[in-house]
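Here is a short tour of one chain, meant to be read with the model open beside you.

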Amino acid sequence: MARTPGAPMCADAGTHEIAPRSGVAFTLDKGDRLTVIDPRGEQVADLLAFNRHDLDEVISSGRTLDYASRIYLTTGDPLYSNRSNVLLRIVADTVGRHDFLLTPCSADTFRIIYGDADPHRGCFGNLVHALAPYGVAADRIPVAFNCFMNVPVDGATGTFTVEPPLSRAGDHITFEAERDLVIGLTACSALQSNNGSFKPIHYRIERGRPGEPSEGARESVADRNALPPGA
Ligand SMILES: [Zn+2]
C-alpha cells in the first residue's frame, strides 16, 4: 500500500499522539506489539483490528466474551475474530478495566443520548475516515475493544452505567498481534466515557517478538505508521 509522509505527531521517541476526538489507522505485522497509553488519565481509546489479508475477518466482541466467560478482559486474554481466530492478545495491562460491550460513539450516539442538534461524528466517524483508505467500509465496523472504558454492570438486573475510566496518567495496555492486521484507534469523543473532557491518546509500536531477529525486508515502523493517502 502506498504511503505518504505525515505520520501522526510524535509525543516522544517512538510514541505517537492521537489528538482529542480523532482517530488513526495503521498496520501491524504478526508478532508486533501495540501499546495504548492514556497520557493524562480518564481517556478512552476505541480499538479495532481487521485481518489485513481478508477484511471480512474482524475482532468479535461476541466470540471473545463467549469464550472468556467474562466481560472484563485483561493480561493474557485473547481477542478473537468473527472466525474464532485470535487476532490480538493482551500481554500487559496496568488498569484492568476495559469495555467490549458498547459500539463506537457516533453522530447518532450524540443525537440520541446527548440530544446534540449538530453532533460530532464520534469514534465511529473517525474510524470510518481513518480506515477507508485501507478498504474498510462503514458497515464493517463492529463493537470496538474500548481501552480504559469503565462500564460496570449490575449482575442481577443487567443494568450498566458509563463511569469515569479508572486509568490515571501514564496507564497503558499492550497487545500482541497474532496475525497481520489493520488497526483503527481513536481518542474517544464521548463526554460521558471520558469524565467530561476530551484528551489525547498515545500509542507505541514495537516490531516483532522480543528476542526475534527483525526481517530485513520489512518496511520500517515509521513507514508503517504513516497515514495512508487521504487520511
Ligand atoms: Zn468514542
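The chain has four helices and 11 strands, where helices (H or I, at least four residues) and strands (E, at least two) are DSSP runs numbered from the N terminus. This is a predicted model, in which local features need pLDDT of at least 70, side-chain atom pairs count only at pLDDT 80 or more, and totals for chains, interfaces and linings use all residues. Residue numbers start from 1 along each chain as its sequence is written.

A word on confidence comes next. The mean pLDDT of the chain is 89, with 84% of its residues at 70 or more; pLDDT is the predictor's confidence in each residue, from 0 to 100. Two stretches call for care. Over residues 1-10 pLDDT stays under 50, and the model has 24 contacts beyond four places in sequence for them. Two residues are in contact if their C-beta atoms, placed from the backbone, lie within 7 Å.

Of the contacts in the chain between residues at least 6 apart in sequence, 75% join residues at least 24 apart. As for burial, 39% of the 231 residues count as buried. A residue is buried if 20 or more other C-beta atoms lie within 10 Å of its own, exposed if 12 or fewer, and partly exposed in between, with C-beta atoms placed from the backbone.

Now to the covered helix. In α3 (residues 122-131), nine of the 10 residues are buried. They are Gly122, Cys123, Phe124, Gly125, Asn126, Leu127, Val128, Ala130 and Leu131. What covers these buried residues of α3? The cover includes strands β3 (23-28), β5 (45-51) and β10 (181-186), along with helix α2 (107-112).

| Residue | Other C-beta atoms within 10 Å | Class |
|---|---|---|
| Ile71 | 16 | partly exposed |
| Asp29 | 18 | partly exposed |
| Ser69 | 6 | exposed |
| Asn195 | 16 | partly exposed |

Ile71 lies in the loop between α1 (61-68) and β6 (78-80). Beyond its neighbours within four places in sequence, Ile71 is in contact with Leu65, Phe100, Leu101 and Val153. The C-alpha atoms of Ile71 and Asp99 are separated by 7.5 Å, although the two residues are 28 apart along the chain.

Ser69 sits in the loop between α1 and β6. Ser69 has a positive phi of about 55° although it is not a glycine. Why does Ser69 count as exposed? Because Ser69 has 6 C-beta neighbours inside 10 Å.

Asn195, in the loop between β10 and β11, is not a glycine either, yet has a positive phi of about 55°.

Finally, Asp29 is found in the loop between β3 and β4. Asp29 and Val182 are 153 residues apart along the chain, while 8.9 Å separates their C-alpha atoms.
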